[in-house]
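Open the model in your viewer and keep the sequence panel beside it. Each stop below gives a selection and then what is there.

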Amino acid sequence: MKLFKKFAAAALAAALAVSMAACSGASSAPASSAPAGSQPAGEGYRIAIVQQMDHASLDEIRRAIEAELDAKAAELGVSIEYAEFNGQNDATMLGQIGTQVVSDKYDAVIPIATLAAQCMQTATEGTGIPVVFAAISDPEGAGLTAQNVTGTSDALNTAFILDMMLAQNPDIQAVGLLYSLSEANSTKPIAEAKEYLAAKNIKVVEGTGNTNDEVLAAVNNMLDQVDAVFTPTDNVVMGAVPAFAETLAEAGVAHYTGADSFVRAGSFATCGVNYTELGAYTADMALEALKSGSIPAVHVMDGGIITVNTETAAALGADYSVFSTMAGSVVEVTTTGN
């Protein structure tokens, strides 16, 4: 049996005791996810899915996790109950969710994105509850090294994305690095980008922001100073892409990013992992941990898929045919929003 719960941000933002009471009653009617009589009563798994915030990449991962859990429940003839939590990118709220997950004795927790994973690691310390994270670019750098913690990494090949940038426009003189200082996912790739660009004597203009308004201000500030912009898998910037993608394109500034969700929201191009595959793999790792009683090793997902927004390319007047010589797959998309 699958039990789906969605917890409102308002309830979780309240004091912990009130939050717990509100959460315990916020569920829909259960729906069957396993054949009747396929297992003894009481057997099965209860999994908490903790999404850091709403945006296209994380939504795609969550949907893939849930779909894979449903599929495995049917395939294996077991009951898998999962509850969905959303921390709205707030550490306090995510901490409350972690307390709730432990209190309610979930068998495993799947946090999506770095802050959610860090909060779940803290909350489950000493409990032995498996924490199987999804989409962490640099797990070790984020401190996700506890014995009960593992998951999937969407580590970027930063140099390759910048190679794409220079292959498409060899005349680039200045590159903007747009990211959030609060995003652990951005720390390593931004350092790599600085080193790469310095080696090629290309000017770097940094723009940072921790809110949509700050990100938009950073974009406007660098607009007339750069020829292209790079952003890694930064959740804060991803949330703002629909608001500034057209501005960059109209200015002739190509935006290269760390995930295809940025490109579907209006950025120019990326080379990275398939987040539907990542979500399914993460769900399988969580079930493996529960069935075997041991924690599998962190798995780095294969990348190598170039995604290009054809509408943005047209607005930029950008010829991206060179990308076909750089990767085994070039996927063309149009803007669908966040």
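Start with strand S12, residues 305-309, and strand S13: the two pair in the parallel sense over 5 bridges. Two strands count as paired if DSSP finds at least two bridges between them. Pick Ile305 and look across to S13, where its bridge partner is Ser329. Strand and helix names follow DSSP runs, numbered from the N terminus: helices are H or I of at least four residues, strands are E of at least two.

A word on the ground rules. This is a predicted model, in which local features need pLDDT of at least 70 and side-chain atom pairs count only at pLDDT 80 or more, while totals for chains, interfaces and linings use all residues. Residues are numbered from 1 along each chain as its sequence is written, and side-chain values use heavy atoms, with hydrogens and water left out.

**The sheet around S12 and S13**

Now widen the selection. S12 and S13 belong to an open sheet of 7 strands, in the order S7-S6-S8-S9-S10-S12-S13, with mixed pairing. The edge strands are S7 (203-208) and S13 (329-333), and each pairs on one side only. Neighbouring strands of this sheet are turned by 20° against each other on average, direction ignored. Those angles are taken between axes, lines fitted to C-alpha atoms (for helices over the stretch in contact), and run from 0 to 180 degrees between N-to-C directions.

Select strand S10, residues 269-272. Is S10 covered on one face or on both? Both: Ala269 and Cys271 are buried on one side, Thr270 and Gly272 on the other. Buried means under 20% relative accessible area, exposed means over 50%, and partly exposed lies in between, using a 1.4 Å probe and protein chains only. In a regular strand, side chains alternate between the two faces of the sheet.

Stay on Thr270 and look both ways. Thr257 stands opposite Thr270; strand S9 (254-257) and S10 pair in the parallel sense over 2 bridges. In S12, the bridge partner of Thr270 is Thr307. S10 and S12 pair in the antiparallel sense over 4 bridges.

**Glu311**

Next, select Glu311, in helix H12 (residues 310-316). Glu311 counts as partly exposed because its relative accessibility is 42%. Leaving out residues up to four places away in sequence, Glu311 touches Val333, Thr334 and Thr335. Touching here means contact, with heavy atoms within 4.5 Å. Draw a C-alpha to C-alpha distance from Glu311 to Phe268: they are 8.6 Å apart in space and 43 residues apart in sequence.

Move to strand S1. S1 is mostly covered, with 5 of its 7 residues buried. S1 and strand S2 (residues 80-86) pair in the parallel sense over 7 bridges. Val50 stands opposite Phe85 in S2.

Now select helix H5, residues 114-123. Its buried residues are Thr114, Ala116, Ala117, Cys119, Met120 and Gln121. An α-helix has 3.6 residues a turn, so residues three or four places apart point the same way. What covers the buried residues of H5 includes S1 (45-51), helix H4 (91-103) and helix H7 (184-199), along with strands S3 (108-112), S4 (131-133) and S5 (149-153).

**Two loop residues**

Jump to Lys105, in the loop between H4 and S3. Its phi is near 60°, a positive value in a residue other than glycine. Lys105 is exposed, with a relative accessible area of 63%. Then select Asn201, in the loop between H7 and S7. Asn201 has phi near 55°, again positive in a residue other than glycine. Asn201 is exposed, at 71% relative accessible area.

**The largest cavity**

How many cavities of 30 Å³ or more does the structure hold? There are 2. A cavity is a set of points, on a 1 Å grid over the protein atoms alone, where a 1.4 Å probe fits but cannot get out; lining residues have an atom within 4 Å of a point. Points are joined across faces, edges and corners, and volume is the space filled by probe spheres set on them.

The largest cavity has about 90 Å³ of space. Select Leu58, Asp154, Thr233, Asn235 and Tyr275, the closest to its centre of the 14 residues that line it. Helix H3 (56-76) gives the most to the lining, with 3 residues.

**Zoom out**

Show the whole protein chain: 12 helices and 13 strands. Buried residues make up 53% of its 338 residues.

Technical notes
1 Å grid on protein atoms, 1.4 Å probe; cavity = no way out; pocket = protein on both sides within 12 Å on 5 of 7 lines; lining within 4 Å.
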